[in-house]
Each structure stands twice: as C-alpha cells, then as structure tokens.
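Dear colleague,

I am handing over the structure below, and would be grateful if you could read the notes that follow it with the model open beside you.

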Amino acid sequence: MTRFPLRHPFDDGRPREECGVFGIFGTQDAAAHTALGLHALQHRGQESAGIVAFDGAQFHVHRDLGLVSDVFASDTVMERLKGHAAIGHNRYATTGATVLRNVQPIFVETGMGGLALAHNGNLTNAHSVRRELVERGAIFQSTSDTEIIVHLVALSGMDDMAGRLIDALGQVVGAYSLVALTDTAIIGVRDTLGVRPLVLGKLDGAHVLASETCALDIMGARFVRDIEPGEVVVIDRDGPRSFKPFPARRSRFCIFEYIYFARPDSRVEGRNAYEVRKRMGAELARESGVPADVVVPVPDSGVPAALGYAGEAGLPFALGIVRNHYVGRTFIEPAQNIRHLGVKLKHNANRAELEGKRVVLLDDSIMRGTTSTKIVAMVRDAGAAEVHMRIASPPNTHSCFYGVDTPSREELLASHMDLDEMAGFIGVDSLAYLTVDGLYRAAGKPEGRRAGQPQYCDACLTGEYPVPLVDRDGGFEARQLSLLDDPN
Ligand code: AMP
C-alpha cells in the first residue's frame, strides 16, 4: 500500500495534519456555530469537512471534500442543517469515492436511535478489533477506525447511548478525542492519557466542545476547562455531566501540539501555544546560539520560536522568507516543461533581508528534510553569507501512531542520519536542535522528562510510546488505519 498515493507534484510530501472536532448543544443555529468552529480549526485538516445536526426529530448531515468555507458556503445547505445540537469535523483526505466514505462525522441509525461520531486520533488496536468484528459478521463501509467504535456501540448491551459509548471505548486502545451526537445529547471523550486535546466552553446558555480554544474565541464563547484524560462529558438539556468510567492515569498530552499543531492563539492544557513556542526559541538560543546578523523564520510555523530566539540572542528578527498563503491542492499544475524550474509555489526569499548576512534560519521541525533543503537553497541563492539552521524541537526520529499521519520511520531524516550528515544534506553551515530538557522547560515542566514526573507524549522524539501499540506488537503492520489505504 503506498502512502500519499495522490501526491501533488508540488506537494512536498510533508506529513498531513490531524483532525479538528467540534460540538455544540443548546442554541438555535447549532450548525452555523459548528461551521464557524470548524473554520477556526481549519489548520487541523484542510481537505474535508462535515456537520451533523439534530433538530429534536431528525438528524441532518452534510459532508464533503474541501475547505469549511467551501463545504458550507451555500445557504441551502446551512438552512437544511437545522437544530439545537450539532457536531462537526474536519480532516485531511485524498480524493474520490473511497475517501468520501471516510469523511466525518460518521452517522448511523442504531437500535437506540441515531448516532453521529467525530474523532481525532487513532486506535492502536483497530486492526485486531476490526478483524474480530468482521469475523462476527460486521460489514464496514469505510477504512476509518471511527467506524469500529460505531460497531462496538451497536453491539453493546448497555441501555443508553452514553453507556454504550463508554462500553465501546473500554474495548479499544488508542489516543483520541471524540465528540458524539445522539437524539438527547452531545458527548465529549478524551483517551485515558489525554494525548489529543479537547476543551469545554460556554456560549450564553449553550455548551461547546472543541479541539482548541481558538474555536471558542471565534464565536465569543468562554473557555471553561480542558476535558480531563479519560473523562466522558455528556451535555444535554440539564447541562454538562462528567463521568470518569476509566481508571485515572497521569496525563501524557501530545507535545507536538505545542511544537506545531495547535494554533498559536490557542490555550492548550493551560498554556498559550504561542508563548510556549517563543520560549522554545529562547531555550534554543541559550543552548545553541551562534554569531549571526539576523534571525529568519520559516513561515508560518517557525515565527514564534524565531521571535523567542531573536529576543534571547539580542539579534534582529526579519521576514527573510515570504510565504504565499493561497497555495491549495487545487492549484493547476504548471505544465511539464516548467516544472523542472523548481517552481517556488509556497515560499520565496526576501533578498533585501538576506544578502551578505549571517542568517539563523528557524523552523519548528524537520521530517523528511524537504522543506529545509529547499529553503536553505533559496536563502543561499539570495546571497546569505552563512546559514545556521536551528530547530525549535528535538529531532523527529519516530513515527506517530496516535492520529498524526507522519512519514514512516525510514523517511524521517533524523532516524537514519546524525547531526553532521543532516547538516550536509540540508546544506547548512551548522545545524542544532532543541534538547528534550529544553523543550520540557519551555512547555512548563522544568523538572524535565523523568520517570514519576508529569510528562508529555513525546514518542515522535524519544521512541517511548505511552499507549500500547497493540496491532504492531500483535504482528499487524505497524501503521495507522489510514484513509489513504484502499479498503479492498
Ligand atoms: P519536511 O519538509 O518533511 O522536513 O517537514 C518539515 C516541515 O513540515 C516543517 O516546516 C514543519 O513546520 C512542517 N510540519 C511538521 N509536522 C507537520 C505535520 N504533521 N503536518 C504538516 N506539516 C508539518
């Protein structure tokens, strides 16, 4: 099975972002609020979006490939999505019918009424559970692991939907945040380690669930709190009720949310993502400063860390690389005969800020090294005297099996090259990464990464996977049930 089979020729093959989930209960126009929330969460997945609304009698569903602003552009669509409760989802996807079946939220009619599910994350025993279900006669329509939860709900003997969902989740292993819609409630769940984010908010009389606080801000909703690891929150007309059906465990929130995923203006597990990124840059300057004239970020993700680095090092910050924000997958492919020119669709060097200068180039991470290699060449072409790459996180040496479609381990540059080899590959005068201790300090855990201390999930940086990789250890191929896989 190939990964990224429909790669655009100008798509640099970078990992895809994960998903965004949203839910609201207790307002007219729940779907319109959900569309707004999804729009704020667009950075978490850009290629498909969906909303399921409930109006007291009927569920209404609309899902399609495309950006939120396109999928929910039509008044007719929005008018059809009536109701006081709704959930929504956005994610990445490829194209075509196979993939449309995977667009979420998933919606099914069960013996207990309708159920819609929106899921961000990954089940690490998906293959095993799916095989058992198929052996018992289950028929799957999609390749997404969310459908496994639906089957487990349908088979559960519990007598209400929340109980069935809890029963189902007790049978799966994974890292996920989930938002569900039933004919009486919306339900939010976080996995027992709280790897993926989920917050609770309030908007007048309505209650909101969202992957990130930026989805609350967009509609003027108030942040109430993070949903706790292993917590199930049922929100119905009596308001939110919290359940802790799973054994309490120490939180292992995904550190990559701070490094890259979360929107900088989001408050993530009590900390503003932008502030944490700035501190990562400052730590990096303290650990691996280098004589230079200017600090230049790889936009947009490198900007906060570059500001932190420049501030700490006492160096000027400059936008030496400018990003075109209008590059989409729908970009018409330039003709074959101009492709070899190495068309710079996404980034361009700003010569005025680079020529003759010793440049510290800052990015949040390196995966395959594609972005860095291109950008370094651009900076050199623009006349930089020296290029020193500084990465505001430790080397990405391992794949994520918890909902982020990262490259396979072999493709990750840092998994098979040492620092000097990487510097040579990327073409820089020097290369340095933030240390794990520096990262923990920046992310508010100064005691660092020590057994017995509160920790993050940092599997992509350390190879220590806190959620058991059941399928891999049971002999299944070690990868996520990706919607890029052909279900046949
Ligand atoms: P690469 O070009 O493969 O080395 O990927 C590194 C670049 O991708 C950096 O500029 C990061 O900001 C960005 N990046 C890191 N993680 C992700 C992700 N999961 N999805 C999309 N981009 C990412």
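Which residue in β8 is the bridge partner of A180? The partner is I187, and notes on that strand and on several other elements follow below. Please bear in mind that this is a predicted model, in which local features need pLDDT of at least 70 and side-chain atom pairs count only at pLDDT 80 or more, whereas totals for chains, interfaces and linings use all residues. Residues are numbered from 1 along each chain as its sequence is written, and side-chain values use heavy atoms, with hydrogens and water left out.

The protein has 18 helices and 21 strands, where helices (H or I, at least four residues) and strands (E, at least two) are DSSP runs numbered from the N terminus. Of its 488 residues, 57% are buried, meaning under 20% relative accessible area, with exposed set at over 50% and partly exposed in between (1.4 Å probe, protein chains only). Taking contact as heavy atoms within 4.5 Å, 68% of the contacts between residues at least 6 apart in sequence join residues at least 24 apart.

To return to β8, strand β7 (residues 174-181) pairs with β8 in the antiparallel sense over 5 bridges, two strands being paired if DSSP finds at least two bridges between them. These two strands form a hairpin with 4 residues between them. Strand β12 (residues 232-236) also runs antiparallel to β8, joined to it by 4 bridges, and here I187 stands opposite V234. Because 5 of the 5 residues of β8 (residues 186-190) are buried, the strand is largely enclosed by the rest of the structure. Both of its faces are covered, with I186, G188 and R190 buried on one side and I187 and V189 buried on the other.

A separate topic is the open sheet of 7 strands, which has the order β3-β2-β4-β1-β10-β9-β11 and antiparallel pairing. Its edge strands, β3 (59-65) and β11 (222-226), each pair on one side only. Strand β9 (residues 199-203) is joined to β11 by 4 bridges, and G201 has F223 as its bridge partner in β11. Helix α1 (residues 30-40) packs on the sheet and touches β1 (20-25), β2 (48-54), β4 (85-91) and β9, its direction making about 25° with that of β4; axes are lines fitted to C-alpha atoms, for helices over the stretch in contact, and angles run from 0 to 180 degrees between N-to-C directions. Since 8 of the 11 residues of α1 are buried, this helix is largely enclosed by the rest of the structure; among the buried residues are H33, T34 and L38.

Finally, helix α10 (residues 273-288) and helix α11 (residues 303-313) pack at an angle of about 45°, with their axes 6 Å apart. That makes α10 oblique to α11, given that angles under 35 degrees count as roughly parallel, over 145 as roughly antiparallel, 65 to 115 as roughly perpendicular and the rest as oblique. Residues of α10 that meet α11 include Y274, R277 and L284, and those of α11 include P304, L307 and Y309. By class, this contact has 9 nonpolar, 3 polar and 4 charged residues, where Ala, Val, Leu, Ile, Met, Phe, Trp, Tyr, Cys and Pro count as nonpolar, Asp, Glu, Lys and Arg as charged, and the others, Gly among them, as polar.

With best regards
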